[in-house]
Amino acid sequence: MNKILMVFALTLFFNCNSSAQKKSNEKTEIYKVMKTEAEWKTQLTAIEFNVLRKAGTERAFTSPFNKNNEAGIYICKGCDTPLFKSEHKYDSRSGWPSFDREVEDNVAFSTDYDLGYARTEEHCATCGGHLGHVFNDGPKNTTGKRHCINGVSLKFIENK
């Protein structure tokens, strides 16, 4: 009887732990700018690397870009691709720099379930760097979108 129970338990364990249920974190996407992890680590600070390459999040209200009201363009910290224009930036009071739209074709989107529910993740279309997430609670008088972006993933170039 013990052998039957053992076989049943092992069969149940292996059937419930099938490879179809295992999530793969490996991204196989090809980008125009591709670097090794070591190359990214020499270019980026620890927090920049964590956000851009490991999809981390900076602490809320820590980015100096929250209060930046200068005219210019926000570019990717990893590859200098233009991502957001200052004219589309607004104060969402979320703690992260927010924009109501991206520079078309320079930001790519995917779905992540890291918090147990679907969110639309944004990343640089040129290097794949994680930027943040987009939500449907933005300004109703424009796009209705809130691109909630990690400031450490950006550089700002002021208009001259």
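The largest nonpolar core of this predicted model has 17 residues, and Leu 83, Phe 84 and Leu 154 have the most contacts inside it. A nonpolar core here is a set of buried Ala, Val, Leu, Ile, Met, Phe, Trp, Tyr and Cys residues joined through side-chain atoms within 4.5 Å. Buried stands for under 20% relative accessible area, exposed for over 50%, and partly exposed for what lies in between, with a 1.4 Å probe and protein chains only. The elements that give two or more residues to the core are α3 (46–54), β1 (72–76) and β2 (82–85).

Let us stay with Phe 84 for a moment. Neighbours within four places in sequence aside, Phe 84 is in contact with residues including Ile 73, Tyr 74, Phe 99, Val 107, Leu 131, Ile 149 and Leu 154. Contact means heavy atoms within 4.5 Å.

Residues are numbered from 1 along each chain as its sequence is written, and side-chain values use heavy atoms, with hydrogens and water left out. Local features need pLDDT of at least 70 and side-chain atom pairs count only at pLDDT 80 or more, while totals for chains, interfaces and linings use all residues.

Now for the whole chain. There are three helices and nine strands, and from the N terminus on they run α-α-α-β-β-β-β-β-β-β-β-β. Helices (H or I, at least four residues) and strands (E, at least two) are DSSP runs, numbered from the N terminus. Of the 160 residues in the chain, 38% are buried. Among contacts between residues at least 6 apart in sequence, 55% join residues at least 24 apart.

Six of the strands form an open, antiparallel sheet in the order β3-β4-β8-β7-β6-β5. Its edge strands are β3 (89–90) and β5, each of which pairs on one side only. Two strands count as paired if DSSP finds at least two bridges between them.

| Strands | Bridges | Direction |
|---|---|---|
| β5 (residues 107–112) and β6 (residues 119–124) | six bridges | antiparallel |
| β7 (residues 130–135) and β8 (residues 146–149) | four bridges | antiparallel |
| β4 (residues 98–99) and β8 | two bridges | antiparallel |

Gly 129 sits in the loop between β6 and β7. Gly 129 is buried, with a relative accessible area of 0%. Neighbours within four places in sequence aside, its contacts are Leu 52, Arg 53, Glu 122, His 123 and Cys 124. Its C-alpha atom is separated by 9.8 Å from that of Ala 108, 21 residues apart along the chain.
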